[in-house]
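Please look through the sequence and the structure below before reading on. The briefing after them is meant to be read alongside both.

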Amino acid sequence: MTTQIVDLAIIGSGGGNSIPDERFDDKSIAIFEEGVYGGTCLNVGCIPTKMFVYSAEVADTVREAESYGVHARVDAVDWPSIVKRIFGRIDPISAGGKEYRVDRCPNITVYPSHVEFDGRDEAGRYRLVTTDAEVRAREVVLAAGSRATVPSVIADSAVRYYTNDDVMRLEALPEHLIIVGSGYIAAEFAHVFGSLGSRVSILARGPALLRQLERDVSLHFTDIAREKWDVHLNAEVIGAEDRSDGGVRVSLKDGTHVDGDVLLVATGRWPNGDRLNLSSVGIDLDDEGRVVCDRHGRTSAERVWTFGDVSSPYQLKHVANHEGRVVQANLLKGWDAADLDAFDHRFVPAAVFTHPQIACVGLTEEEALERGLDITVKIQDYGDVAYGWAMEDTTGFCKLIAERRSGRLLGCHILGPQAPTVIQPVIQAMSFGLDARAMARGQFWIHPAMPEVLENALLGLHI
Ligand SMILES: Cc1cc2nc3c(=O)[nH]c(=O)nc-3n(C[C@H](O)[C@H](O)[C@H](O)COP(=O)(O)OP(=O)(O)OC[C@H]3O[C@@H](n4cnc5c(N)ncnc54)[C@H](O)[C@@H]3O)c2cc1C
Ligand SMILES: NC(=O)c1ccc[n+]([C@@H]2O[C@H](COP(=O)([O-])OP(=O)(O)OC[C@H]3O[C@@H](n4cnc5c(N)ncnc54)[C@H](O)[C@@H]3O)[C@@H](O)[C@H]2O)c1
């Protein structure tokens, strides 16, 4: 058992790895990482999934080429080479990030193991223990992220199932993929596997897909999904088993079952705070398992900070990045500083890289009405602007919600090509307090570009 005393301990190498920069060179630091270095986004989350999504988009574009008078077809999809392209790029980045910390940061020690708190020592330092080391730290950052949850009906069965951790490394493209869950991960992987050639079944326990999104978006997306995937709504999974032919069977409460080759579970992610023995240092978790903290990232234990999936209400990388920058600044200012930076969760955007793409920011129409706001709403179809004609788009739309009279932008929800890019000016406008009138007429909108769908939505509001 080795013992080390450090100024700062960081648990998690996702966002956690970005905390120490040159301003921390005079501090001794320990970074703990029990999994692959670099965390979820780099290794099993945002980045590889979007690289797969791009391959899926290419396949879709070729498949749809006929609509534009271009004769082309997808002859074959080389799954192993797609996997190799993606992880051939990502794995060295992860390894290089670790190597940099281990070999080229003399003030940093990387512990490649699970760690937990074990109270404080007589000097008030936090005791952090792994199987073969004890680190005592004056200050700690919890950036331990979240993990895939698996419903007990599946976890307790002996069925072979996959999550985002391993489904992207399958050796072969499944002929038929079954997905349990109907949120972000389900929608993105349905697109990836479906567009690359798998048959996809989605088992949704509710009456629509992506139910956490704006109602019109969720309903529209569900309709589109039902045309290309085998979608089971209000489907309660009551059992799962491996079949003798190497496939899987998932049984539903209504007495039916779905057979496939591979089972993917995408039923939400749980913060990792429950695996850190936080009670030994007096840190609380809320009802949804998040580490409780204030808007400066301070937990209830002095000099223990937190950010990202382990504590944030938003499990999104851009939020983890923002919160990480706040905690980084506050570490340099000091726990009791009067001018601590604060998390800004006012206008958190999100995007689902499925097909069609989806993006949102701000309130839904229902939320705005619940708050008693006097609102005006405009739904602008992609199909009614020039670029939408060019694309022959028939399903895309941009829904804008603004306050009457003031023109204050309250929310925007887009389903359609390049939605995560088209929405960015709205995020900017909301963040900087630009109202709908000024936004619509205070700038040029390049003609005939896709953002004209947004311009027309702004002009259609009854302010
Ligand atoms: C499939 C998928 C796709 C996603 N796509 C997007 C996207 O397109 N856009 C977006 O904004 N967000 C996306 N996300 C969410 C995004 O990945 C997360 O919000 C973000 O990575 C969280 O960063 P973090 O630093 O909080 O945690 P993480 O990056 O998860 O880092 C936490 C690290 O802590 C380690 N750890 C945990 N407990 C311990 C312990 N006790 N001891 C030692 N180490 C420990 C873990 O191994 C992990 O590496 C996606 C997530 C998934 C799963
Ligand atoms: N593009 C992105 O930004 C992106 C992509 C992927 C993931 N993420 C992040 O990761 C998080 C996790 O993604 P996710 O798709 O796992 O979660 P999610 O919260 O988006 O969806 C979870 C789904 O699982 C269902 N579900 C939950 N428990 C269930 C059970 N016991 N049985 C059957 N169904 C059940 C829910 O009804 C829901 O449809 C997301 O919330 C998001 O914050 C973001």
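Predicted model: local features only at pLDDT ≥ 70, side-chain atom pairs only at ≥ 80, totals over all residues.

Residues are numbered from 1 along each chain as its sequence is written, while chains are lettered from A and ligands numbered from 1 in the order in which they are written. Helices (H or I, at least four residues) and strands (E, at least two) are DSSP runs, numbered from the N terminus.

**Ligand 1**

- Ligand 1 is surrounded by 35 residues, and the closest are Gly12, Gly14, Gly39, Gly145 and Gly308; a residue counts as near a molecule if its C-beta atom, placed from the backbone, lies within 6 Å of it.
- Helix H1 (39-44), helix H2 (46-63) and helix H7 (317-333) are the elements that give two or more residues to this shell.
- By type, the shell around ligand 1 holds 12 nonpolar, 17 polar and 6 charged residues.
- Here Ala, Val, Leu, Ile, Met, Phe, Trp, Tyr, Cys and Pro count as nonpolar, Asp, Glu, Lys and Arg as charged, and the others, Gly among them, as polar.

**Ligand 2**

- Around ligand 2 there are 22 residues, the closest being Pro151, Gly181, Gly183, Ile185 and Gln315.
- Two or more residues of this shell come from each of helix H5 (184-196) and strand S17 (350-352).
- H5 supplies the largest share, 4 residues.
- The shell around ligand 2 consists of 12 nonpolar, 7 polar and 3 charged residues.

**Helices H2 and H3**

- In H2, Ile47, Pro48, Met51, Phe52 and Ser55 meet Ile82, Ile86 and Ile90 of H3; two residues are in contact if their C-beta atoms, placed from the backbone, lie within 7 Å.
- This contact of H2 with H3 is made up of 7 nonpolar residues, 1 polar and no charged.

**Strand S21 and its partners**

- All 7 of the 7 residues in strand S21 (residues 409-415) are buried, meaning that 20 or more other C-beta atoms lie within 10 Å of the residue's own, with C-beta atoms placed from the backbone.
- Strand S18 (residues 358-362) pairs with S21 in the antiparallel sense over 5 bridges; two strands pair if DSSP finds at least two bridges between them.
- Cys360 has His413 in S21 as its bridge partner.
- Strand S20 (residues 397-403) also runs antiparallel to S21, joined by 6 bridges, and Leu400 stands opposite Cys412 in S21.
- S20 and S21 form a hairpin with 5 residues between them, and Arg405 in the turn has a positive phi of about 65°.

Definitions and conventions: Buried ≥ 20, exposed ≤ 12 C-beta atoms within 10 Å, placed from the backbone.
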